[in-house]
Amino acid sequence: VSSTPVVEGPRVLAGPVRDRRRARRKAARRRRALVLGLMSPWIVGFTVFFAYPLVSSAYLSLTHYDLLSSPRWVGLANYRFLFEQDQQVWPAVRNTLWLMVIFVPLQVLFAFGIALMLTRARTGIGFFRTVFYLPALAPPVAATLGFVYLLNPATGPVNVILGHLGIEGPLWFNSPHWSKPSLTLLGIWGVGNLMIIFLAALIDVPRHLYESAELDGAGPLQRLRWVTLPTISPVILFAVVIGVIESMQYFTQAYVAASIATGQAASESAVNLGYPENSTLFYPVLLYTQGFRYFNMGYASAMAMLLLAVALTVTLLILRSSRLWVFYQGAGRR
Amino acid sequence: MKRALVVLLLAVAASIPLGCGGDDSSDTSASGSATTDKTPVTITFWSPFTDREQRVINTGIAAFEKKYPWITVKSVGAITADKITAAVHAGNAPDVAAMFETDNLGAFCASGAWTDLNDRIDADKLDMEQFPQTIRDYTAYGDKRCAMPLLADAYGFYYNKPLLAKAGIKGPPKTVDELADYAKRLTQRNPDGSLKIVGFDPLLNWYENVPVHWGPMWGATWMKDGKSGLAQDPAWEEMLRWQKRLVDWYGYDKLVRWQAGAGDEFSPSNAFETGKVAMILDGEYRTAFLAAEHPELQYGTAPHPVSKPDLYGSGFVIGTIMGLPKGAKHADAGWQLLKFLATDTNTLAELSNGLHNVPSTIASQDSPKLTNDPKFATFLDIFANEKSSTQPVLKIGAQNQTLFTSFIEKWQAGRVKDEDLHAGLENVDKQINAALEQSGGEVP
């Protein structure tokens, strides 16, 4: 735009050139205003619900803040307490890691498996798709209450049936060894959303790839390994990233299960959280407890900042590793 | 565009300190009694009560409005501590607030979210000796008295009379040794060895089996010289060893399995109400649930068994608390309501009859208006007992109880060796003290 040569004397054309420049600047300003105007809903949403809480948390993590009086600057004291003194942090981290390492892969595998079976079904696909998707519609609190009832060690139908078979069922939500597997069962049961995404991806795999592989003599397992998995690998990446982030935010089910399984009244105190024996004390549960039950919001903010850093690092690592195993058809690159 | 976003973010960052902490400048300082100022005023009273209980509370408020006709009270129920926190933070707090969570008082008092009432108490020459020591303890944080009691809860012992008679036991146990003996004699097992009726469930973190309620049975104390002193008081170790012996007699897994089928605490399927457990530790409010849900149950009440004879008759006392939140617009009128609901003998008796809670002053224990019920009278005696005790008021809420309970869960499951008990308690103390220090240090 600015390369237009000016051959006449500046004195003669100075006025029109200035006017044109002014007009261009005005038009650019108008464009910027229009862009800003069109983006303003996003800017407001981003500022209020993301930027402000994020910057606020970062600031509060450096203060002692009890929710009731003004924050008091304490520097890195909250972080020192987090890394050096709080003995509940590492059990919470271990429990959360358990979710990331066992719960998430199982969820992805199960969703993928169901979707794969649905693509093979000849009749009743609509019925089975609905059946497997329906649990995803159950609110997390209601679903957890249902599972605590089903897996009640004394009166729950699962243990009653196991009892009829001569097997003494486990203590489920009342055992530190079984509480996380019980939550995993609950998670697998409600895997419908992921299953639908996998189903869409599987249906989208080009037929001709399977036919070519078949002509080359590939069996079902080889077709799965060399055709299906590479083709849907972006969806697997999505499922893993979302699953890992969700596992780092896992709260509602753990909160409800621990509160109900003790048989105590639902109280506002935090005595039951983590029951039994801190086995359901996940990182977000501890964060909530510190912030909203112990009036320790400064420390809870420091925990949140650490969570953000870990979530970012893990997500980046997964994305970086994805270069080795994710195949993008459109971009034509690995 | 980029510059615009950066400016926007900087503006947001700059605004943070303004957005936090609410308004510290609001003035709710004491101005003594406001009975001379009779300008009509409407005040707001937030309480956690709902439905029937709120209607009972409203009868007390009606009595207040009759005595102070120029003050109208807008009573709002179903208010949680979180809502009070948010309102104080936002600067739109009610004039008077009540909450069940006594654990929160330390934070509310230390931060000034509930104002110190000492000046008002002095100005009105309000005699605090009319309350038992336990109430004076749990309504103050150090020197700051930020709360007044709204009735109280006293914890004692309930026993199933037919089950005791069937086992040849004539009365409730008075010592913890008798308790263990009776518990075994009253327990019935199914043919497969599972528990059918439990004499006394010794697992902590179930129903009202929590350390604060059990501590008074052994006279155990929480704090020593401003720090957590669980390991320094041998009573806790004695309590935990007694408990573990009884748990082992039942079998830990068997007890957990039995508990899972025992029914929710606050429902008609409560294990004591349905006769699945013969003896429990519980608050006076259970008498109301029993009357409403299982009037056919023949039961008795008594002080809980103790490890030392001189402790017999005492128990754990706690209760709902009320305060004047920072930013209250009509703090003087609010103070009149606070004082009235905490001290008016007739009103306390009426509220006690309606809510089946203990009236909070010593004088109200003898009110002729109080319904004469021997089962309930047990709790009045526990409440008035000089050796009854309460929990420490700390800035960290119930964190000390949570940390202790986490350790006890491992202990009762057999995951802590007997020889490691003392070291385990020392570690709990260490965690609690670290939390106290992290919360701001000072312990009153």
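Modeller: A residue is called buried under 20% relative accessible area, exposed over 50%, and partly exposed in between. These terms are applied here to a predicted model.

Colleague: Why is B:Glu350 called partly exposed?

Modeller: The relative accessibility of B:Glu350 is 42%. That value lies between the cut-offs of 20% and 50%, so the residue is partly exposed.

Colleague: What makes the pair of B:Lys369 and B:Glu350 a salt bridge?

Modeller: The closest N and O atoms of B:Lys369 and B:Glu350 are 3.5 Å apart. The rule asks for a Lys or Arg side-chain nitrogen within 4 Å of a carboxyl oxygen of Asp or Glu, and therefore the pair qualifies. The two residues link distant parts of the chain: B:Glu350 is in helix H14 of chain B, whereas B:Lys369 is in the loop between helices H14 and H15, 19 residues apart. B:Lys369, at 41% relative accessibility, is partly exposed. Elsewhere, B:Glu237, B:Arg241 and B:Asp418 are joined into one network by salt bridges that share partners.

Colleague: How many salt bridges are counted over all chains?

Modeller: The count is 15 salt bridges over all chains.

Colleague: What makes B:Asp181 and B:Arg185 a salt bridge?

Modeller: The N to O distance between the side chains of B:Asp181 and B:Arg185 is 3.4 Å. This is within 4 Å, so the pair counts as a salt bridge. Both residues belong to helix H8 of chain B, four residues apart, or about one turn of the helix. At 36%, B:Asp181 is partly exposed, and B:Arg185, at 41%, is partly exposed as well.

Colleague: Why is A:Arg31 called exposed?

Modeller: A:Arg31 has a relative accessible area of 55%, and this is over 50%, so the residue is exposed. A:Arg31 is in helix H1 of chain A and belongs to a positive surface patch whose members include A:Arg20, A:Lys26 and A:Arg32.

Colleague: Which residues make the nonpolar surface patch, and why is A:Leu54 called partly exposed?

Modeller: A:Phe50, A:Leu54, A:Leu308 and A:Leu312 make the patch, of about 340 Å². Helices H1 and H13 of chain A each supply at least two of its residues. A:Leu54, in helix H1, has a relative accessible area of 31%, between 20% and 50%, so it is partly exposed.

Colleague: Why is A:Trp172 called buried?

Modeller: A:Trp172 has 8% relative accessibility, under the 20% cut-off, and so is buried. A:Trp172 lies in the loop between helices H6 and H7 of chain A and has a positive phi of about 45 degrees although it is not a glycine.

Colleague: Why is A:Asn278 called buried?

Modeller: The relative accessible area of A:Asn278 is 13%, which is under 20%, so A:Asn278 is buried. Its phi is positive, near 65 degrees, in a residue other than glycine. A:Asn278 is in the loop between helices H11 and H12 of chain A. A:Pro276 is also in the loop between H11 and H12, and a cis peptide bond, with omega about -5 degrees, joins A:Tyr275 to A:Pro276.

Terms used
Residues are numbered from 1 along each chain as its sequence is written. Chains are lettered from A and ligands numbered from 1 in the order in which they are written. This is a predicted model: local features need pLDDT of at least 70, side-chain atom pairs count only at pLDDT 80 or more; totals for chains, interfaces and linings use all residues. Side-chain values use heavy atoms; hydrogens and water are left out. Patches are made of residues with over 30% relative accessible area and no salt bridge: like charges are joined within 9 Å, nonpolar side chains (Val, Leu, Ile, Met, Phe, Trp, Tyr) within 5 Å. Accessible areas come from the Shrake-Rupley method with a 1.4 Å probe; for residues, only the protein chains shown count as cover. Lys and Arg count as positive and Asp and Glu as negative; His and the chain ends are not counted. The place of a charge is taken as NZ of Lys, CZ of Arg, CG of Asp or CD of Glu. Buried means under 20% relative accessible area, exposed over 50%, partly exposed in between (1.4 Å probe, protein chains only).
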